[in-house]
Amino acid sequence: MKEPITVSITGAAGQIGYAILFRIASGFVFGEEQPVNLRLIEIEPGLPALKGVVMELEDCAFPLLNEVVATTDLDEGFKGANWAFLIGSVPRKAGMERADLLGINGKIFTGQGQAIARSASKDVRVLVVGNPCNTNALIAMNNAEGVPNDRFFAMTRLDENRAKSQLAAKAGVHNSDVTNLCIWGNHSATQYPDFTNAKIKGRPVTEVITDRDWLEGEFIKTVQQRGAAIINARGASSAASAANAAMDTVKSLINPTPEGDWYSVAVCSDGSYGIEKGLIVSMPIRTKDDGSWEVVQGVPVNDFSREKIDATVNELKEERDAVKDLIPA
Ligand code: NAI
């Protein structure tokens, strides 16, 4: 039996937590020969529900689940973590300005970044799901002294999956026929699902779907507004598909990317594509055979794309400026 890996999850008693824990414990993410320790982090009010979740994990008798710890203590929660899923955050309430939300959640991610630096494993990798996820990741990264920047990710995979599904439906193909779909920028309504470089069965999407107005208009809008549409329909946010996308992200990061393809995740910008260094920005990424990741270079950016990318990156700069007090110089 392999040594267990340790996976820490914040907001473990929440909706996404409930949709992700059991699949991680079953081996879906890290493989069917990889035992896992789960360290589940909640705030005090979430503890009773978390206790119930732990009881259910026990009742699954998962062969791969080695140990479960439930805690409100960040150092105990991130102890020895190889992977940390930062899911818990405070949702936007009526009357709350975006800046208030950034500030409230920002404070959560300073403490979590510091605790990850103190207590996690040296090889820790961190996926931020809790919104506003790009800026929360920026704060965690900047407060995790000693942890390299390339270990921090924010999730835009749900947007990628949504975009692929929309294109597949329009073209009448299966979603697995859609490749090379990059979400650029922020996980917000400014994100840009780049249809100009996406492919269907290896052909440019723009050759297969010739309705340019749809691509530039309804397609982009549908992807950007999909979260709100699901809340309207379901009366609750898109937790199962978000959990699924978080697992897809980690699987993409730990397995080599098929030749010629890429996936979307927000990473610390190295200045590629003229995007300011140090921001957490979604762009085309691939995982190499040695397990490290790289920004795919040379993806064409036409005028339409440039304008969209600049708009979403500008929003990220504004978010960064709004939380500058939480980012050590
Ligand atoms: P939820 O409200 O059901 O659960 C959140 C959980 O986090 C609660 O149990 C709460 O007690 C806990 N929590 C709050 N602050 C915490 C802290 N400081 N430490 C540890 N736990 C804490 O919310 P849900 O549906 O699970 O969503 C979680 C987050 O994921 C939200 O911010 C949501 O906006 C975001 N999200 C992100 C997506 C993405 O694509 N990046 C997609 C969907 C949701």
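Here is a friendly conversation about a predicted model of one protein chain.

Colleague: What should I know about the numbering and about what counts in this predicted model?
Modeller: Residues are numbered from 1 along each chain as its sequence is written. In this predicted model, local features need pLDDT of at least 70, side-chain atom pairs count only at pLDDT 80 or more, and totals for chains, interfaces and linings use all residues, while side-chain values use heavy atoms, with hydrogens and water left out.

Colleague: How many helices and strands are there in the protein chain?
Modeller: Helices (H or I, at least four residues) and strands (E, at least two) are DSSP runs, numbered from the N terminus. Counted that way, the protein chain has 10 helices and 14 strands.

Colleague: Why is the chain called as compact as a globular protein of its length, and what is its radius of gyration?
Modeller: The radius of gyration is taken over C-alpha atoms, and the globule rule is 2.2 Å times the number of residues to the power 0.38. For 329 residues that rule gives 20 Å, and the chain comes close to it, so it is as compact as a globular protein of that length, with a radius of gyration of 19 Å.

Colleague: What share of the residues of the protein chain count as buried?
Modeller: Buried means under 20% relative accessible area, exposed over 50%, and partly exposed in between (1.4 Å probe, protein chains only). Of the 329 residues, the share that counts as buried is 51%.

Colleague: Which elements do the buried residues of α1 pack against?
Modeller: Helix α1 covers residues 15-26, and its buried residues include Ile16, Ile20 and Phe22. Contact means heavy atoms within 4.5 Å. The partners of the buried α1 residues are β1 (5-10), β2 (36-41), α2 (47-60), β3 (65-71), β4 (83-86) and α9.

Colleague: Is Gln112 buried or exposed, and which residues is Gln112 in contact with?
Modeller: Gln112 lies in helix α4 (residues 98-119). Its relative accessibility is 6%, so Gln112 counts as buried. Leaving aside neighbours within four places in sequence, its contacts are Thr10, Leu74, Phe78 and Leu86.

Colleague: Which peptide bond is cis?
Modeller: Most residues other than glycine have a negative phi, and most peptide bonds are trans. Pro132 sits in the loop between β5 (125-128) and α5 (133-143). With omega near -5 degrees, the cis bond runs from Asn131 to Pro132.

Colleague: What is the phi of Asn180, and what is the phi of Tyr273?
Modeller: Asn180 lies in the loop between β7 (178-179) and β8 (182-184), and Asn180 is buried at 3% relative accessible area. Tyr273 is in the loop between β12 (263-268) and β13 (280-287), and Tyr273 is buried at 14%. Neither is a glycine, yet phi is positive: about 55 degrees for Asn180 and near 55 degrees for Tyr273.

Colleague: How far is the C-alpha atom of Arg203 from that of Arg118?
Modeller: Arg203 is found in strand β11 (residues 203-204) and is partly exposed, with a relative accessible area of 43%. Arg203 and Arg118 are 85 residues apart along the chain, and their C-alpha atoms are separated by 48 Å.
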